[in-house]
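Thanks for coming. Please have a look at the model first.

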Amino acid sequence: MPALHHGGMHTPHTTSLVRVTALLALVFALAPAHAGDTTAASQMQRWSDASGKPVSAERGRVFFTSRHGGEWSCASCHGNPPTTSTRHASTGKTITALAPAFNPERFTDTAKVDKWFRRNCNDVLSRECTAVEKADVLAWLLQFDAKNPPQAPKDKP
Amino acid sequence: MNPIATTMARTPFVRNVRRSAALLALACALPAAWADSREMPASAMLPAYKQECAACHMAYPPGMLPASSWSRMMKGLDQHYGTDASLDPAMVRQISTWLEAHAGTYKRVREAPPQDRITQSAWFERKHREVEPAVWKRAAVGSRANCIACHTRADQGDFDDDRVRIPK
């Protein structure tokens with residue numbers, strides 16, 4: 001019904017301009033929460049593609065909470081479940097939640113993701129993690145749902 | 001008094017010069033206040049230093065260690081007191097340059113402490129000689145490196161004695 005538009009102030013052109021402006025404003029308003037260049041889901045996909053294997057959240061959980069023969073597990077600093085703020089096992093500094101649903105900043109910057117996996121895997125496993133391990137951990141972390149938060153955190157393993 | 005000089009002193013030009021000189025003196029005095037001190041406001045710290053180093057622990061003022069300690073530390077970040085704190089080479093260079101430029105040079109800091117640990121410096125021991133051994137073991141303190149447990153504004157680079165509150 002084109003006649004409707006001709007009479008009114010809101011021509012299709014103005015409407016779309018308003019909509020684009022509103023969308024742009026929204027994008028800028030949301031930008032700080034995702035300041036980086038990537039998402040947790042695409043990081044999981046990156047490592048899954050690299051390994052050529054399907055991911056397993058359960059394997060990720062076991063990996064995350066195991067000590068791998070050393071003094072620490074990933075959970076020593078990030079907690080189990082990793083959905084709340086924790087304290088660094090040696091410095092005591094606060095570490096914000098790791099699960100992306102509980103902390104939208106997580107895994108949104110590729111360089112940062114690579115830096116921390118490199119360091120933390122060296123600390124826990126005395127080697128770098130494989131693509132399978134990283135994809136599995138991400139699969140587990142992505143399972144946590146902010147609308148259905150897990151039970152109260154258990155003691156650090 | 002010379003009337004010409006009195007008039008001169010009131011001209012905007014002279015006032016401006018005076019104001020500029022005062023500002024310049026202040027600008028020089030402020031950095032000097034912490035240039036060779038164990039204190040440094042967080043606002044004066046290199047953003048990369050705060051971002052990278054204070055991700056795991058508080059940003060220790062660079063004046064707390066001599067340049068030789070910082071230099072050794074920045075060369076061994078992959079084994080940084082038991083953890084891998086490695087950074088890309090450009091970042092290491094940037095932070096090292098800043099740390100070494102702002103390192104402590106006065107008498108009590110000049111000498112590198114054992115293991116390049118601030119907490120093993122002679123001045124640290126002396127400053128904390130009245131702290132009972134049990135205090136260091138309290139859960140809220142945990143470690144000698146946890147300055148902020150007692151120095152309530154340590155994360156701002158402020159170690160003033162007046163701001164010390166020892167937790168129970």
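Why is the disulfide of A:Cys121 and A:Cys129 left-handed? The torsion about their S-S bond is about -100 degrees, so the disulfide is left-handed.

Some bookkeeping. This is a predicted model, in which local features need pLDDT of at least 70 and side-chain atom pairs count only at pLDDT 80 or more, while totals for chains, interfaces and linings use all residues. Residues are numbered from 1 along each chain as its sequence is written, chains are lettered from A and ligands numbered from 1 in the order in which they are written, and side-chain values use heavy atoms, with hydrogens and water left out.

Back to the bond. A disulfide here is a pair of cysteine sulfur atoms within 2.5 Å. Over all chains there is one, and the sulfur atoms of A:Cys121 and A:Cys129 are 2.0 Å apart. A:Cys121 is buried at 5% relative accessible area; buried means under 20%, with a 1.4 Å probe and protein chains only. A:Cys129 is also buried, at 11%.

A:Cys74 is buried at 17%.

In chain B, the cysteine sulfur closest to that of B:Cys53 is in B:Cys56, at 8.7 Å, again too far for a bond. B:Cys53 is buried at 16%.

Last, the annotation. An unreviewed UniProt entry lists "domain: Cytochrome c" for residues 55-145 of chain A; positions are in the numbering used here, feature names are shortened, and annotations may be inferred rather than shown by experiment.

Notes
Buried means under 20% relative accessible area, exposed over 50%, partly exposed in between (1.4 Å probe, protein chains only).
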